Every structure is written in C-alpha cells, then in structure tokens.
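Please find below some notes on the model you sent. They are set out as numbered points, to be read beside the coordinates.

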Amino acid sequence: MTQQGRLTARSLSYVVLTAGVVVWLAPFAWMVLGAFKTQDEIFADPPTWWPHSPTGGNFARWLTELHFGTFFGNSLVVAVLTVLGNLLFCSMVGYALAKMDFAGKRALLGVVLVTIMVPGVVTFVPLFVIVAKMGILDTYGALVLPFLTQPVGVFLMRQFMLDIPDSLLEAARIDGASETRIFTRVVLPLCGPALATLGILTFLGSWNNFLWPLVASQTESMYTLPVALSLYSTGQYATDYGTLLAGAVLIITPILALFVSLQRYFVQGIATMGLK
C-alpha cells in the first residue's frame, strides 16, 4: 500500500471511530444537559440541546426534598461491603482452584462454570425466601449477603492466579510459610490488576442493582439510589423527567470517578487474565 493509501485508510478509520464515539456519547450528553432543563423545555418542539434557561432545581429537589444523602449512603454501604466480600471470598476460592490440589477440584470448577450460565432471575425467588426466613429483610444484610461471592469473580481470579509461577509458591513453602501467609503476602500483592477489575465490575453491578433492593427494602430508609430514582421521579400520571435525568447524573458520577481512577488497572487486568 502506498503512503497516500495508508494516510487515506487512517483518516477513514479516524472518521468512523469519531462517528462511533459521537453516537455513543449523545445519550449521555442529552442526560446531563436535560438535567438542567425545566419540564416544559424538555418537551419543547423542536427539541433543544442546550438549556435556554438553565436551572438547578432538579438537583436541589434531590438534595433537599428527596433525602439524597440517605439513598446515597445506602448505595455506598451496600456497594462497598459487596466489593470487599467479593475481593476476599472470590480471591480465596480462586486461589484454591488455581494453586491447590484437593478431591473434587475439577467438579467444583465445573459447578462454578455452570453457575455463571444460570440467569439471576432463576435464583431470585429462592433467595428472597431464604432472606425472609432468616428475618433480615429491610436490612443491609438482605442487600449484601446474597452477593458476597459471584461465580464470575471466582473464575476471573482463578484465571489470573494460574499465571503466578508455582516455583514462587514452593519457595515460600520451603521457607516455612503457611498457605494463609502465602495467600496474603505473596499471591494477593501480585493480583492488583485482577482485584481492581473485580472491584470495578462488582461495584458497578451493586451500584446499579435495582430489582433486588426493590423487593428486599421494605421502608424508605433502606432504599438505594436506583430504587429511589424509579419511585420518586415517576408520579401516578406523569414522569418528572427533569428529576429523573438529574438523579441519573447523580448515580452515574461515582461510577465514572471510580473507573477513571482505576482504569489503568482495569485494562491491565482484562488484558492479562487470559483464558486457559
């Protein structure tokens, strides 16, 4: 290919990628700009991109009337506890499946792989019955316990740990280190990218979870942000789209901040975990 041809191909690829980015970002731009519009301007015909009379009333309603701090705190507590549980338990099970020999290891790995393919809605009713029988409905326990370990997280950690040299672990055993010490002092420090990836994915899933908190939370004081967004932006006969868009902006902001701060580890973890 000639120099001119390569430049043309590169320019064409840039145009296509730029168009894709614009199409992908357009809904987010509409959401952010719409959060500063009044209800009448949102429904204006023809529609407008930039607010003619920007207002912060939609955000003010969340911060004053709708007790945003309570819902944000609930979502944060649930997400943080869920992330910590997954980082601990998924890495422990992943280590056992990757570096330890025991009876039934292959069968356990098969169970993990099969569980990944089971839709969450299948276990929804059994989980609710179990939580109700335990008497922990409308508590943080009901929102956190069913999600402390995820099969996808176990599989991710197992695949990453397979790349850790066995000779490194054997050297630690020769020095007299226990399995617990090897796991905490040798293996976990090497799993930074995988742990960051698992943490981001788990936080994202917990932060955006709607259906389970909707049925497990019985009172307003235990609502998470997605539940509050659904219930308080939709009236009996109409939807307050300004409040809805402002709430969506408030929900997505922590996720974007988390991803931006950990994106280097996230990309590294996805690139290096490998499938064997």
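1. Basis. This is a predicted model, in which local features need pLDDT of at least 70 and side-chain atom pairs count only at pLDDT 80 or more, while totals for chains, interfaces and linings use all residues. Residues are numbered from 1 along each chain as its sequence is written, and side-chain values use heavy atoms, with hydrogens and water left out.

2. Main core. The largest nonpolar core has 24 residues; such a core is a set of buried Ala, Val, Leu, Ile, Met, Phe, Trp, Tyr and Cys residues joined through side-chain atoms within 4.5 Å. Buried means under 20% relative accessible area, exposed over 50%, and partly exposed in between, with a 1.4 Å probe and protein chains only. Ala35, Phe59, Trp62, Phe71, Phe203, Trp207 and Leu225 touch the most other members. Two or more residues come from each of helix 3 (57-63), helix 4 (68-99), helix 11 (192-208), helix 13 (225-232) and helix 14 (241-272). Helices here are DSSP runs (H or I, at least four residues), numbered from the N terminus. Helix 14 is the main contributor to this core, giving seven residues, the most of any element.

3. Leaving aside residues up to four places away in sequence, Trp207 touches Phe72, Ser75, Leu76, Ala79, Leu225, Pro226, Ile251, Pro254 and Ile255; contact means heavy atoms within 4.5 Å.

4. Helices 9 and 10. How do these two helices cross? The crossing is right-handed, which means that the near helix is turned clockwise from the far one by less than a right angle. The axes of helix 9 (residues 166-174) and helix 10 (residues 179-190) come within 10 Å and cross at roughly 145 degrees. Axes are lines fitted to C-alpha atoms over the stretch in contact, and angles run from 0 to 180 degrees between N-to-C directions. From helix 9, Leu168, Leu169, Ala172 and Arg173 meet Glu179, Ile182, Val186, Val187 and Leu190 of helix 10. Seven of the contact residues are nonpolar, none is polar and two are charged.

5. Lys99. This residue of helix 4 is buried, with a relative accessible area of 14%. The side chain of Lys99 makes a polar contact of 2.7 Å with that of Asp166, a polar contact being a pair of N or O atoms within 3.5 Å, one able to donate a hydrogen and the other to accept it, with residues adjacent in sequence counted only if both atoms are side-chain atoms. A polar atom of the Lys99 side chain also lies 3.4 Å from the backbone oxygen of Met161. Beyond four places in sequence, Lys99 touches Met161, Leu162, Ile164, Pro165, Asp166, Leu169 and Arg173.

6. Helix 8. Nine of the 11 residues of helix 8 (residues 151-161) are buried, so this helix is largely enclosed by the rest of the structure. The buried residues include Arg158, Gln159 and Met161.

7. Loop residues. His67, in the loop between helix 3 and helix 4, has a positive phi of about 55 degrees although it is not a glycine. His67 is partly exposed, at 44% relative accessible area. Asp138, in the loop between helix 6 (124-134) and helix 7 (140-144), is not a glycine either and has a positive phi of about 65 degrees.

Terms used
Nonpolar A, V, L, I, M, F, W, Y, C, P; charged D, E, K, R; others polar.
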